Amino acid sequence: MEPFIQLKNTPIKEIVISASFEENLSDELIDNFKNKFVAATDYIDLGRGFTANFRQEKKGLPQTSIEVDGFIFKNDKNKVVNLRRGRVALHKINGYENFEELKKEFISIFDILLTVVDKDIKLNNLGLRYLNLFEIQKQENIEDVLTISVQSSFEFDTKHKSNIKLIFEKCNEENTSATISTNEIAKDGINGIILDIQTNRAFFDSIFSKNFIEKEMEDLRYLKNTLFFKSVTEKTIEKYK
């Protein structure tokens with residue numbers, strides 16, 4: 001793999017590493033994980049997580065049900081761990097952290113989970129997501145910042161003049177997908193654009209291991225970096241170098 005340009009002044013605002021399991025965890029296993037995880041790390045328990053389920057009946061309004069589903073944890077380093085019955089995610093919020101360190105921490109979460117489950121954990125999806133915020137100066141427009149030409153699949157405006165557009169990127173790798181979204185924002189006197197890059201790889205009957213996660217995460221990271229540098233202009237790269 002070819003090396004990418006290192007950006008010293010990174011535009012990254014959030015990094016998310018996630019994995020989905022083939023089998024849902026029981027409430028008992030989730031409670032056991034919570035106790036071990038809080039005891040072994042600097043995270044605190046923020047309480048139960050919730051999942052909203054929507055069901056459309058043939059007639060009438062959609063029906064909504066709220067399900068208690070897992071726990072949310074946070075530490076004082078702007079990190080959040082979200083454990084659900086069928087998924088775990090590590091969020092680094094408001095800033096950048098070395099990918100190797102995040103990957104190591106994500107694997108350590110699984111190490112604790114393995115002591116609770118006491119059997120192999122089979123994965124069906126691995127995801128990597130980076131959200132980047134670029135401020136647009138008064139004399140600039142979007143074309144000065146991004147190179148991608150987004151054909152909108154949907155748009156909406158809010159009180160913050162937000163406008164979301166999506167691109168679904170075709171990937172050569174088997175069972176791998178990527179989504180690029182841009183979100184123009186105007187808030188608190190700042191005009192900018194969010195570049196949200198999500199990469200995912202699906203699996204079948206794949207057992208978690210450190211070597212497996214490291215290899216797959218490196219592949220997704222390379223894809224994410226490729227899409228990032230395809231999406232920004234030379235002017236943007238020079239600004240953040």
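Strand 1 and strand 6 run antiparallel and are joined by nine bridges; two strands are taken to pair if DSSP finds at least two bridges between them. Strand 1 also pairs with strand 5 in the antiparallel sense, over seven bridges. Ala19 stands opposite Leu126 in strand 6 and opposite Val88 in strand 5. Eight of the 10 residues of strand 1 are buried, so this strand is largely enclosed by the rest of the structure. Buried denotes a relative accessible area under 20%, exposed over 50%, and partly exposed in between, with a 1.4 Å probe and protein chains only.

The model is predicted: local features need pLDDT of at least 70, side-chain atom pairs count only at pLDDT 80 or more, and totals for chains, interfaces and linings use all residues. Residues are numbered from 1 along each chain as its sequence is written, and side-chain values use heavy atoms, with hydrogens and water left out.

**Overall organisation**

The chain has five helices and nine strands, with helices (H or I, at least four residues) and strands (E, at least two) being DSSP runs numbered from the N terminus. The elements follow the order β-α-β-β-β-β-α-β-α-β-β-β-α-α from the N terminus on. Of the 241 residues, 43% count as buried. Contact means heavy atoms within 4.5 Å; among contacts in the chain with a separation of 6 or more, 66% come from residues 24 or more positions apart. The accessible surface of the chain comes to about 14000 Å², and 49% of that area belongs to carbon and sulfur atoms; the areas come from the Shrake-Rupley method with a 1.4 Å probe.

**Helix 2**

The 19 residues of helix 2 (residues 99-117) should span 27 Å at 1.5 Å a residue, and the end C-alpha atoms are 27 Å apart, which agrees. The expected span is 1.5 Å times one less than the number of residues. Asn98 caps the N-terminal end of this helix, with a side-chain oxygen 2.8 Å from the backbone nitrogen of Glu100. After helix 2 comes Asp118, whose phi is positive, near 60°. The buried residues of helix 2 include Phe99, Leu102, Phe106, Phe110 and Leu113. Elements against which the buried residues of helix 2 pack include strand 1 (12-21), strand 5 (87-93), strand 6 (122-135) and helix 4 (210-231).

**Salt bridges**

A salt bridge is a side-chain nitrogen of Lys or Arg within 4 Å of a carboxyl oxygen of Asp or Glu.

| Pair | Closest N and O atoms |
|---|---|
| Lys77 and Asp42 | 3.5 Å |
| Glu140 and Lys235 | 3.3 Å |
| Asp219 and Arg201 | 3.1 Å |

Asp219 and Arg201 are both buried. By contrast, Lys77 is partly exposed, at 46% relative accessible area, and Asp42 is partly exposed at 38%. In the remaining tabulated pair, Glu140 is buried at 12% relative accessible area, while Lys235 is partly exposed at 44%. A network of salt bridges links Lys79, Lys92, Glu97 and Glu105.

**Helix 5**

Thr236 is found in helix 5 (residues 234-240) and is buried, with a relative accessible area of 4%. Leaving aside neighbours within four places in sequence, Thr236 is in contact with Phe134, Asp144 and Val145.

Methods
A polar contact is a pair of N or O atoms within 3.5 Å; within protein, one must be able to donate a hydrogen and the other to accept it, and residues adjacent in sequence count only if both atoms are side-chain atoms.
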